[in-house]
Amino acid sequence: MTDDFNETPTPTPAAAPPAGTTTVGRQRLTSRNAILGAGALGVLALGFAGGAAAWSATQHREATFDTSLATTPISQLSSASAVGIAGQVAEIYGNKFVVSDGAAKALVETGRAGEGGKLVTAGETVTVQGRFRDGFLHASAIQHADQRIDELDPPPPPHHGPKHGPRDLGPAGPDAPDEAN
């Protein structure tokens with residue numbers, strides 16, 4: 001009688017790798033995964049950088065006032081890239097006010113920041129910086145006599161596109177005769 005339980009087991013051969021998979025193939029898969037992982041990290045880094053840039057662009061910036069910009073007499077204002085005027089606030093009209101330098105007056109537009117007429121007071125001495133266009137100064141910063149600076153949001157760019165109104169008839173304009181009789 002033989003004792004089947006005392007026999008030493010014969011080793012089974014190792015499972016063969018699937019067809020078409022070799023050591024070189026495994027290295028290629030590992031290399032490909034590393035490249036894909038690095039690419040994914042790169043995309044995440046770009047997303048993070050873009051988000052940080054967008055966030056910083058939406059934050060209110062510190063009040064800046066260009067002290068190197070010389071003031072221009074109001075009577076000499078003309079369309080320019082950046083101008084500064086100094087004088088007293090003569091009148092206030094909602095988000096606009098009139099500055100007088102003694103020789104001439106200029107209408108200053110302040111945008112949303114000046115709504116309610118609380119940005120300046122009548123008789124106050126101010127220095128205003130901005131762009132002179134369309135007959136009035138679009139203010140970007142106001143320096144008060146106490147050296148306090150109010151930084152204003154820039155005005156929106158002018159609209160150059162079509163009016164999109166009910167009578168906007170394209171290149172011929174609203175005065176073109178109707179052809180659908």
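A: Happy to! A residue is called buried under 20% relative accessible area, exposed over 50%, and partly exposed in between, with a 1.4 Å probe and protein chains only. Buried residues make up 22% of the 181 residues in the protein chain. This is a predicted model, where local features need pLDDT of at least 70 and side-chain atom pairs count only at pLDDT 80 or more, while totals for chains, interfaces and linings use all residues. Residues are numbered from 1 along each chain as its sequence is written, and side-chain values use heavy atoms, leaving out hydrogens and water.

From the N terminus, the elements run α-β-β-β-β-β-β; helices (H or I, at least four residues) and strands (E, at least two) are DSSP runs, numbered from that end.

Now the core. A nonpolar core is a set of buried Ala, Val, Leu, Ile, Met, Phe, Trp, Tyr and Cys residues joined through side-chain atoms within 4.5 Å. The largest one has 19 residues, and V126, V128 and I142 are among those with the most contacts inside it. Strand 1 (83-93), strand 2 (96-100), strand 3 (105-109), strand 4 (125-133) and strand 5 (136-144) each give two or more residues to this core.

Take V128: beyond its neighbours within four places in sequence, its contacts (heavy atoms within 4.5 Å) include I85, F97, V108 and I142.

Next comes Q129, in strand 4. Q129 counts as buried because its relative accessibility is 7%. Its side chain reaches the backbone oxygen of D66 at 2.8 Å. Not counting residues up to four places away in sequence, Q129 also touches F65, L69 and H138, among others.

Conventions. Polar contact = N/O pair within 3.5 Å; in protein donor to acceptor, adjacent residues only side chain to side chain.
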